[in-house]
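This report describes a structure for a reader who is new to the subject. Have the sequence and the model at hand while reading.

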Amino acid sequence: MDGGSQDERYLGAAAEYGPALERLARGYEADPDQRSDLLQEIHLALWRSFAGFDGRCSLRTWVYRVAHNAASSHVLRRRRAKAAKFTSLEELELIADGSDPEQAAGEHQLLARLMTMIRALGPPDAQVMLLYLEDMDAAAIGEITGLSARAVATKIHRIKAILAKRFQEGGRNDH
Amino acid sequence: MTTEPPVDDIKTLWRNQKTEGTAVTLENVHERAAKFQKRVGNRNLREYIIMSFLVLVFGWYMWIFPGWMMKTGSALSIAAVLFVAWQLYRRHPAQSVPDGSGMGLVEFHRRQLVRQRDLLKSALIWYIAPFIPGVVLITLGRWFQFHAPWRSLAWDHKVIILIAVIMALGFGIIWLVNVLAATKLQRKIDELDKLRED
């Protein structure tokens, strides 16, 4: 593939998936400076990847794979530097959120809680959660992640339970 | 009363969230690629400077140390420094995101873990072991061919033994820490394999 078509493919993908990539970066990185850095890193990885894109999977699958792989590399590097640990979906299901449901009613707060939850997760849990939030079905999540259908189904089931518990419990209690 | 959204609406909320609208242009991407290459060049330069300094130090030792053992030990240490420098150069990633970024996320993550595990497991061979022959020869040279004139022979031997024990402990601790970290990574690799096979 020549440099021109690599640029063209990148520009097409960036235009189509730009907002999704930005949401993905927000899901992975809380610090605004680091987030902007991560987003640029994702775009660089994407541009670079198009030198070797052979069309064996869909453009969407390719873009999400490259973006998540770039983001998880970034997060793992940062975690290693800070020696911080990840939480698994299983642990997240068991531990209490600790936030005040009244306070967390606004959309902004809901999103903030959601981000905190995602950022605590390690790969591949965070990736499945982000793809689920992007409204991908189990088959697409399986194709992007490479997880077995059973593993994806289990993880989605857990994610639904966590979201229901964390974001609806407070509301039900108040009715 | 608070109104909490149902689970499906959380997806809508997520996808409709207001983002910063950060524009990344093709020029930004090209600039960043060039900047990263420059950073790699600077990192290599820094390492060459440190390695050159160590070569100079051991070269000076070769000059001033008495006896063939300490001189040969210093020469072996120079060889070890050069070998480790080459290994570092060979093993450093040439780009911010490793190759294969278009592969499935689990496979990519697994490859990263395997790379880290192998790096830790082999650190003894390429990072520690090359220095052992030089250190051993310098220590033997100190024992058999040179004594500090300001100490008695018995005391000098005790000091040499103490230093040798401290060095052996240092090497041992580094090795143990690496082995434990590699074992931890292996557990994560096994977990990922299970997720793919389920």
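## Domains of chain A

Chain A is assigned domain 1 (1-84) and domain 2 (86-175); such bounds come from an automatic or database domain assignment. The contact between them takes twelve residues from domain 1 of chain A and ten residues from domain 2 of chain A, where two residues are in contact if their C-beta atoms, placed from the backbone, lie within 7 Å. On the side of domain 1 that touches domain 2, helix 1 and helix 3 of chain A are the elements that give two or more residues. The residues of that side of domain 1 divide into six nonpolar, four polar and two charged. Here Ala, Val, Leu, Ile, Met, Phe, Trp, Tyr, Cys and Pro count as nonpolar, Asp, Glu, Lys and Arg as charged, and the others, Gly among them, as polar.

The model is predicted: local features need pLDDT of at least 70 and side-chain atom pairs count only at pLDDT 80 or more, while totals for chains, interfaces and linings use all residues. Residues are numbered from 1 along each chain as its sequence is written, and chains are lettered from A and ligands numbered from 1 in the order in which they are written.

## Helices of chain A

Chain A has eight helices and zero strands. Helices (H or I, at least four residues) and strands (E, at least two) are DSSP runs, numbered from the N terminus. Of the contacts in chain A with a separation of 6 or more, 66% are between residues 24 or more positions apart.

Helix 2 of chain A has 18 residues and reaches 25 Å from its first C-alpha to its last, close to the expected 26 Å; the expected span is 1.5 Å times one less than the number of residues. Its buried residues include L38(A), I42(A), L46(A) and W47(A). A residue is buried if 20 or more other C-beta atoms lie within 10 Å of its own, exposed if 12 or fewer, and partly exposed in between, with C-beta atoms placed from the backbone. Buried residues make up 40% of the 175 residues in chain A.

## Nonpolar cores

A nonpolar core is a set of buried Ala, Val, Leu, Ile, Met, Phe, Trp, Tyr and Cys residues joined through C-beta atoms within 7 Å. The largest has 56 residues, of which I42(A), L46(A), A67(A) and A71(A) touch the most other members. This core draws at least three residues from each of domain 1 and domain 2 of chain A. Not counting residues up to four places away in sequence, I42(A) touches L21(A), A25(A), A67(A), A70(A) and A71(A).

## Contact between the chains

In the contact between the chains, 56 residues of chain A meet 39 residues of chain B. Helix 8 of chain A gives the largest share of the chain A side, ten residues. By class, that side has 26 nonpolar, 17 polar and 13 charged residues.

## Two loops of chain A

The peptide bond from P123(A) to P124(A) is cis, with omega near 5°. P124(A) is in the loop between helix 5 and helix 6 of chain A.

D135(A) is in the loop between helix 6 and helix 7 of chain A. D135(A) has a positive phi of about 70° although it is not a glycine. Is D135(A) buried or exposed? D135(A) is exposed, with 12 other C-beta atoms within 10 Å.
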